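Subject: Structure for you to look at

Hi there,

Here is the structure I promised to pass on. Have a look at it first, and then read on for what turned up.

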Amino acid sequence: MKIRSVLSAAVLAVATTFAATQSLAQERFTLRLAETWGPNFPIFGDTSKRMAKLAEEMSDGRLRIRIDSANKHKAPFGVFDMVKAGQYDLGHSASYYWKGKVPETLFFTSMPFGMTAIEQYAWFYHGDGMDLMQEVYEPHNMLSFPGGNTGIQMGGWFRKEINSLEDLKGLKMRIPGFAGEVFAEVGVSPTNIPPGELYTALERNTIDAVEWVGPALDLRLGFQQIADYYYTGWHEPATELQFLVNKDTWEELPADLQAILKTAMRVSAYDMLVQSQHANAEAWANIKEEYPNVQIKNFPEDVFQAMYDANKKLLKEAAGRNELAARIVESQENYLDKTRAYTDISTRAYLNTMGEVE
Ligand code: CA
């Protein structure tokens, strides 16, 4: 009798522990994500969808993510505030959109003359990047993670060729962010116009030039039909999107779902870089074939030098704003120096060698 009751107590204890584990393991979460993009926006929108799908599959349905595109929440540039307030659990956007609210958010998308995608991912994941980004977002009750990279963006579509600094004076161009400020320093009048109005603005000469992203996304807006000069990029060498997570939501998730969410964000971010390479190559082949009017151009050397100098000056001003900005700029500059020295003897050396035998 005695042995039996001890045994059944043990069985009961095991069963209770098992049930507790089971109920914890089966707790389900449905998180809501607000994205800056409209519905079915290619590449960017594919990335948030891929992240949600991965999270659901890896968690066997315990972590579901419901995505609201901009048409639903009506606040493409309200993602920061909505995730901060907990109105949404997650966001998919770009850090530099928040520079008007929190100037230090600017540094986590892409900087003119800055790191390439592989260099910047190395800074984020193996250098100080993630810690510095978290320091910026922490006071706003959020976590921020890399959310997908476009690769090197093109320098934009121009209706007239740029042969000297003089040609930039008074030129009206759609170019946002820090690059717009750099261009302004060399005489350009930068403007920001919503994507849906860009084609008409260029066609009607409201603007003389426009930068958007690269062949895959530019082709859809039709600039190749009305501009002949497609310049190579300098201003957004590694534009990284962003996943935002409300901190209270994050803390409610069990550790395994946090790990799954982190992994889904990281894999889908890398995958956007790969998809961008693929889609840009396809679109560029198409442009070359269908639009022989399009010529690829580099800005003349004196233009590049003037922009480089203007960028240095503006970065120094930005770093002077506060101690955190100074540390971020210093970290990026030091990291770029070291990582670029290696890129020079590896990727650059290889591409140069290939250039000689082709
Ligand atoms: Ca751009």
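At what angle do the axes of helix α12 and helix α13 cross? This is a predicted model, and in it the axes of α12 (residues 301–319) and α13 (residues 323–357) cross at roughly 140° and come within 7 Å. Angles over 145 degrees would count as roughly antiparallel, so this pair is oblique. On the α12 side, K312, L315, A318 and A319 make the contact, and on the α13 side A325, A326, V329 and E333 do. Sorted by class, that contact has six nonpolar and two charged residues, with no polar ones.

R340 is partly exposed at 22% relative accessible area, whereas E119 is buried at 1%.

Salt bridges come to 17 in total. Among them, E57 and K53 meet at 3.1 Å, N to O; both are exposed, and they sit four residues apart in helix α2, about one helical turn. R32, D68 and K72 are linked in a network.

Q153 and E211 come from loops 58 residues apart, and both are buried.

Conventions
Residues numbered from 1 in each chain as written. Predicted model: local features only at pLDDT ≥ 70, side-chain atom pairs only at ≥ 80, totals over all residues. Heavy atoms only, no water. Helix = DSSP H or I, 4+ residues; strand = E, 2+ residues; numbered from the N terminus. Buried < 20%, exposed > 50% of the residue type's maximum accessible area, 1.4 Å probe, protein only. Axes fitted to C-alpha atoms, helices over the stretch in contact; angles between N-to-C directions. Parallel < 35°, antiparallel > 145°, perpendicular 65-115°, else oblique. Contact = heavy atoms within 4.5 Å. Nonpolar A, V, L, I, M, F, W, Y, C, P; charged D, E, K, R; others polar. Salt bridge = Lys/Arg side-chain N within 4 Å of Asp/Glu carboxyl O.
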